[in-house]
Amino acid sequence: MSSLLSERQKDELHKSMLSYLHSAGLHDSYEALRRETDNEDFQVDDPKARWVGLLEKKWTSVIRLQKKIMDLESRNASLLAELASPHRASSSSSSTSTPFIPRAPARHTLTSHRAPITKVAFHPTWTVLASASEDSTVKIWDWESGEMERTLKGHTKSVGDVDFDSKGGLMVTCSSDLTIKLWDTSNEYTNVKTLHGHDHSVSSVRFTPDGEKLVSASRDKTIKVWEVTSGYCVKTFTGHSEWVRGVVPSDDGKWLVSCSNDQTSRIWDFSSGETKMELRGHEHVLECAIFAPVNCYPAIRELAGLVNPPAGDSRAKSPGAFVATGSRDKSIKLWDAISGQCLRTFVGHDNWIRALVFHPSGKFLLSASDDKTIKIWDLANGRCTKTIDAHGHFVTSMSWGRALIGGNSTNSEPVVNGDSLPGGKKKEEEGSGSGPRRINVLATGSVDQTVKIWTP
């Protein structure tokens with residue numbers, strides 16, 4: 001085993017063992033190990049040293065992982081038994097015919113933050129959820145068990161957004177402290193880069209679908225594009241006249257949609273930085289704007305009375321054709337992003353609209369509001385089909401799991417973040433019965449300082 005460890009790792013292991021032996025009062029063993037490992041000058045009076053408590057943390061982590069493995073093995077056995085059941089065909093056909101719609105009560109209510117939750121984001125392959133908060137931290141949760149795994153500290157003010165890249169190797173956050181931070185998820189979420197460039201609070205940040213760039217929106221009225229590898233700002237888009245609240249790339253990375261305090265949403269050409277369309281119609285600040293996935297197009301066209309493009313027409317499957325926006329005017333609007341026409345206005349919430357997510361089936365739009373509810377809207381007819389009393393205070397954020405299961409997917413674990421998935425092809429497959437589908441899990445965050453997990 002020792003040959004597998006570097007000298008630094010060996011030294012850290014020895015010091016963590018010494019720290020444990022001293023804290024446990026095993027002084028003879030402590031002195032013997034100190035002599036044998038050439039740590040005669042080892043000091044135990046530094047409570048902030050990296051090795052203090054490390055052995056206990058590693059041990060409890062192993063116990064937790066063992067428990068998780070046992071739970072997964074049990075679940076796998078039950079799923080295999082279900083697959084072998086002769087009644088499976090009839091039961092699965094009935095279950096897949098009805099898409100999962102969240103219902104109370106939530107599976108888990110996650111508590112630990114000390115201020116309102118600003119954003120939630122799922123990891124694309126692990127059963128991991130990240131939550132950003134005004135308490136200046138990001139917390140990492142195992143959403144399946146409901147346990148908190150770690151708290152990330154680094155920002156000095158409210159954290160406004162969090163996102164994972166498509167492979168899950170990096171996480172990005174942004175803050176009112178004017179910075180954007182990149183975190184290495186495979187190395188204990190180490191902060192590997194801090195990006196400086198915005199002149200005011202950074203309210204939104206997202207990875208592009210290829211994971212090579214970041215797009216950020218700020219109260220300085222700009223949108224910036226950053227290279228992930230170098231950390232350099234390579235483009236700055238200007239056009240909004242007020243605070244830019246959010247920015248999201250399309251599934252193919254060709255377009256951006258932004259929303260602003262200037263009461264407009266804009267569609268940007270990512271390569272040129274030009275505004276391709278300005279969406280005007282809301283009567284207050286826009287809190288959110290997202291692109292509709294390709295598998296929503298049939299329902300949206302039915303709702304708006306639009307003619308379906310001929311078979312083979314690239315417009316039928318081209319990402320970025322439709323946009324949904326949510327505003328403080330308490331309404332949601334659905335737009336044709338190419339013509340700028342407002343196709344439908346959804347009215348029903350009694351307060352600001354804070355978050356929007358399209359259902360993976362392509363049949364529904366979910367909205368979260370300061371009226372403490374989530375509403376489910378049928379895209380084909382525009383009606384609200386369900387209202388869920390979700391939290392005890394304003395619902396600030398919402399995200400759908402990203403993991404793909406079934407079909408040809410080799411990924412056996414759930415994945416996460418409801419706004420967008422890289423690759424229009426996968427998006428289309430999610431709504432089909434034969435290909436892989438998105439896992440049924442929704443997360444919401446609130447001013448009540450809790451995160452809730454909703455599953456079937």
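This is a predicted model: local features need pLDDT of at least 70, side-chain atom pairs count only at pLDDT 80 or more; totals for chains, interfaces and linings use all residues.
The sulfur of Cys288 has its closest cysteine sulfur in Cys259, at 6.4 Å, which is too far for a bond. A disulfide is counted here when two cysteine sulfur atoms lie within 2.5 Å. Cys288 is buried, at 8% relative accessible area, and Cys259 is buried too, at 1%. Buried stands for under 20% relative accessible area, exposed for over 50%, and partly exposed for the range in between, with a 1.4 Å probe and protein chains only. How many disulfides does a search of the whole structure find? The search finds zero.

Residues are numbered from 1 along each chain as its sequence is written, and side-chain values use heavy atoms, leaving out hydrogens and water.

I turn now to the interior. A nonpolar core is a set of buried Ala, Val, Leu, Ile, Met, Phe, Trp, Tyr and Cys residues joined through side-chain atoms within 4.5 Å. The largest has 22 residues, and Ile300, Leu356, Phe358 and Leu365 have the most contacts inside it. Among the elements that each supply at least two residues to this core are helix H5 (297-304) and strand E22 (353-358); helices (H or I, at least four residues) and strands (E, at least two) are DSSP runs numbered from the N terminus. H5 gives the most, four residues.

Ile300 touches Ala292, Phe322, Leu334, Leu343 and Leu379, leaving aside residues up to four places away in sequence; contact means heavy atoms within 4.5 Å. A second, separate core has 17 residues, including Ala106, Phe364, Ile376 and Leu442.
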